[in-house]
There are 2 protein chains.
Amino acid sequence: MAANLYFAEQGDYLPCPTIDDVFANVEQKISEYGVVPVENSTEGAVNNTQDCLIDSQLAIVGEVIVPIVHDFLVNKALKNTAQIERIVSHKQSLAQCRNWLMSNFPHTQLQDVSSNGQAAQLASEDASTAAIAGALAGKMYGLKSLHSAIQDKSNNSTRFLVLAENEKATTPSGADKTSLLIYTHNRPGALFRILQPFEELGVSLSKIETRPSKIEAWEYVFFIDFDGHVEDKLVIELFARLEQCTAEIKVLGSYAKFSSEN
Amino acid sequence: MAANLYFAEQGDYLPCPTIDDVFANVEQKISEYGVVPVENSTEGAVNNTQDCLIDSQLAIVGEVIVPIVHDFLVNKALKNTAQIERIVSHKQSLAQCRNWLMSNFPHTQLQDVSSNGQAAQLASEDASTAAIAGALAGKMYGLKSLHSAIQDKSNNSTRFLVLAENEKATTPSGADKTSLLIYTHNRPGALFRILQPFEELGVSLSKIETRPSKIEAWEYVFFIDFDGHVEDKLVIELFARLEQCTAEIKVLGSYAKFSSEN
């Protein structure tokens with residue numbers, strides 16, 4: 001859905017079973033672009049994508065925000081919900097429907113699978129398995145939707161990133177966003193000193209996230225999104241000031257901000 | 001293990017199937033204290049615990065850090081690893097062993113269950129199921145450890161919080177930590193203005209995390225840990241300055257910092 005929205009249904013799409021595979025396919029030039037989920041408005045960051053961004057040399061060249069509607073899907077052969085032995089979905093979708101599941105199926109086994117598409121497939125093969133997935137997946141696998149929009153927040157959307165090789169980096173569009181990864185020395189005030197140049201120059205942070213550095217236990221890297229493009233004068237000045245913070249900075253990409261009127 | 005370490009094996013322990021249940025048991029006075037995982041040095045924050053802290057009125061009264069060693073455990077009846085059809089564990093343990101699993105069992109189904117104890121139990125009931133869990137769980141359920149210490153980082157530990165009702169809040173020990181939750185208005189520079197008083201007063205942040213606010217999509221709350229106790233003079237001054245930031249602050253607790261010599 002995200003890829004369809006971003007590429008205006010012009011793409012030749014290759015489905016990948018995992019997020020790691022999307023990165024690998026673009027790195028190995030099997031695909032020109034990759035689309036991965038990075039954050040959900042209810043459930044937060046998609047850790048696996050963040051960890052892949054730490055290691056990957058790919059650039060972020062775009063973003064797209066997709067409203068998420070989860071349906072409770074069952075096999076058409078199911079007679080009675082009491083026959084449901086397990087409910088399958090991607091772990092983030094299970095988390096997004098936590099309250100509904102606790103109210104309606106408090107004792108049913110929950111099993112996380114690699115994607116909501118796989119969940120729908122499993123439900124199509126076995127009537128004792130129910131799936132949480134989008135209506136589109138339910139349709140593809142001939143499932144029946146017993147309940148629609150079961151997610152805990154009605155205003156639930158997921159932000160996706162569009163990945164490509166560095167040379168596909170985009171020029172300023174006028175309304176851009178830049179994503180950075182910052183490694184700091186584990187020293188008092190390190191984060192404050194990183195934020196100081198943003199404040200001084202009036203550059204607006206739209207997000208800050210921490211993840212374990214994977215290098216040293218209890219050390220962190222910061223993921224920062226801010227308004228602007230690496231080719232903007234103000235952003236060039238920002239980087240000059242950030243360099244004095246003795247932090248290591250990796251630019252993940254500058255790209256046009258998502259707008260639903262695109 | 002964490003509870004044993006914190007309470008010096010003096011406790012009368014009640015196992016709970018989920019993190020939500022630990023909070024509920026203490027809130028309903030069924031248990032005096034609760035112990036929940038909050039962060040792993042490789043995998044990062046335990047989102048479910050953070051989300052429970054947002055809603056709960058319980059106080060954090062202690063912390064304990066436990067080194068994590070994961071074993072690959074199989075049923076003693078297993079003849080050949082080719083017979084393994086699925087590998088079960090808590091989702092965070094699966095994530096902590098991602099590289100090992102991708103090298104050794106790239107095509108085997110991974111299934112997350114509610115705890116590593118449950119994983120070991122499942123493996124004891126079915127030879128086609130392998131479990132990732134600690135050696136202690138393997139011993140309890142009569143499993144064979146095929147590989148020890150399969151986690152991706154050898155220096156892997158998990159931080160646990162000890163929860164209790166507010167009146168159990170502790171007095172300063174001399175080496176304390178305080179955990180806060182801060183809600184800010186989604187305004188440029190909001191985070192910078194929160195960090196400014198810490199910097200001015202030389203109060204050292206040991207952690208900062210963001211989570212979706214659960215109130216408004218794409219709004220965040222900040223989890224901040226810093227050195228000091230709410231009864232310290234410096235911290236009282238810190239709160240006075242933070243109050244001018246128009247941020248809403250919830251003190252989660254002040255408690256003695258973990259020391260392995262405890």
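Leaving aside neighbours within four places in sequence, which residues is Ile19(B) in contact with? Before I answer, one caution: this is a predicted model.

Now the answer. Setting aside neighbours within four places in sequence, Ile19(B) is in contact with Val36(B), Asn48(B), Thr49(B) and Cys52(B). Where does Ile19(B) lie? Ile19(B) is in helix α2 of chain B, which covers residues 19-27.

Is Ile19(B) buried or exposed? The cut-off for buried is 20 or more other C-beta atoms within 10 Å. Ile19(B) has 20 C-beta neighbours inside 10 Å, so Ile19(B) counts as buried.

Here is a distance for scale. Ile19(B) and Cys245(B) are 226 residues apart in sequence. In space, their C-alpha atoms are 33 Å apart.

Now follow one of those contacts, Val36(B). Again leaving aside neighbours within four places in sequence, Val36(B) is in contact with Ile19(B), Val22(B), Thr49(B), Phe160(B), Leu161(B) and Leu163(B).

That takes us to the core. In soluble globular proteins, nonpolar side chains tend to be buried together. The largest nonpolar core here has 27 residues. Val36(B), Val162(B), Leu163(B) and Ala164(B) have the most contacts inside this core. Which elements give two or more residues to it? They are α2, β1 (34-40), α3 (47-55), β3 (59-67), β9 (157-164) and β13 (248-256), in chain B. The largest share comes from β9(B), with 5 residues. This core also draws on two domains of chain B: at least three residues come from each of domain 1 (1-68 + 156-169) and domain 3 (170-262).

Next, the domains of chain A. Chain A is divided into domain 1 (1-67 + 156-168), domain 2 (71-147) and domain 3 (170-262). The C-alpha centres of domain 1 and domain 3 of chain A lie 20 Å apart. Between these two domains of chain A, 13 residues of domain 1 are in contact with 14 residues of domain 3. On the domain 1 side, α3 (47-55) and β3 (59-67) of chain A give two or more residues. β3(A) gives the most, with 7 residues. By class, that side has 8 nonpolar, 3 polar and 2 charged residues.

A quick stop at helix α6 of chain B, residues 116-125. Which of its residues are buried? They are Asn116(B), Ala119(B), Ala120(B), Gln121(B), Ala123(B) and Ser124(B). What covers them includes β4 (71-74), β5 (86-89), α4 (91-96), β7 (129-133) and α7 (135-140) of chain B.

Last, the two chains together. How many residues does each chain bring to the contact? Chain A brings 26 residues, and chain B brings 26 residues. On the chain A side, β6 (109-112), α8 (190-201) and β11 (205-212) each supply at least two residues. β11(A) gives the most, with 6 residues. By class, the chain A side has 10 nonpolar, 10 polar and 6 charged residues.

How are the copies related? A rotation of 180° with 0.0 Å of shift along its axis superposes chain A on chain B, with an RMSD of 0.1 Å. That is the relation of a two-fold axis. The same surface serves both copies, as 100% of the contact residues of chain A recur in chain B.

That is my tour. Questions, please.

Key
Residues are numbered from 1 along each chain as its sequence is written. Chains are lettered from A and ligands numbered from 1 in the order in which they are written. This is a predicted model: local features need pLDDT of at least 70, side-chain atom pairs count only at pLDDT 80 or more; totals for chains, interfaces and linings use all residues. Copies are superposed by least squares on the C-alpha atoms of residues with pLDDT of at least 70 in both. Two residues are in contact if their C-beta atoms, placed from the backbone, lie within 7 Å. Helices (H or I, at least four residues) and strands (E, at least two) are DSSP runs, numbered from the N terminus. A residue is buried if 20 or more other C-beta atoms lie within 10 Å of its own, exposed if 12 or fewer, and partly exposed in between; C-beta atoms are placed from the backbone. A nonpolar core is a set of buried Ala, Val, Leu, Ile, Met, Phe, Trp, Tyr and Cys residues joined through C-beta atoms within 7 Å. Domain bounds come from an automatic or database domain assignment. Ala, Val, Leu, Ile, Met, Phe, Trp, Tyr, Cys and Pro count as nonpolar, Asp, Glu, Lys and Arg as charged, and the others, Gly among them, as polar.
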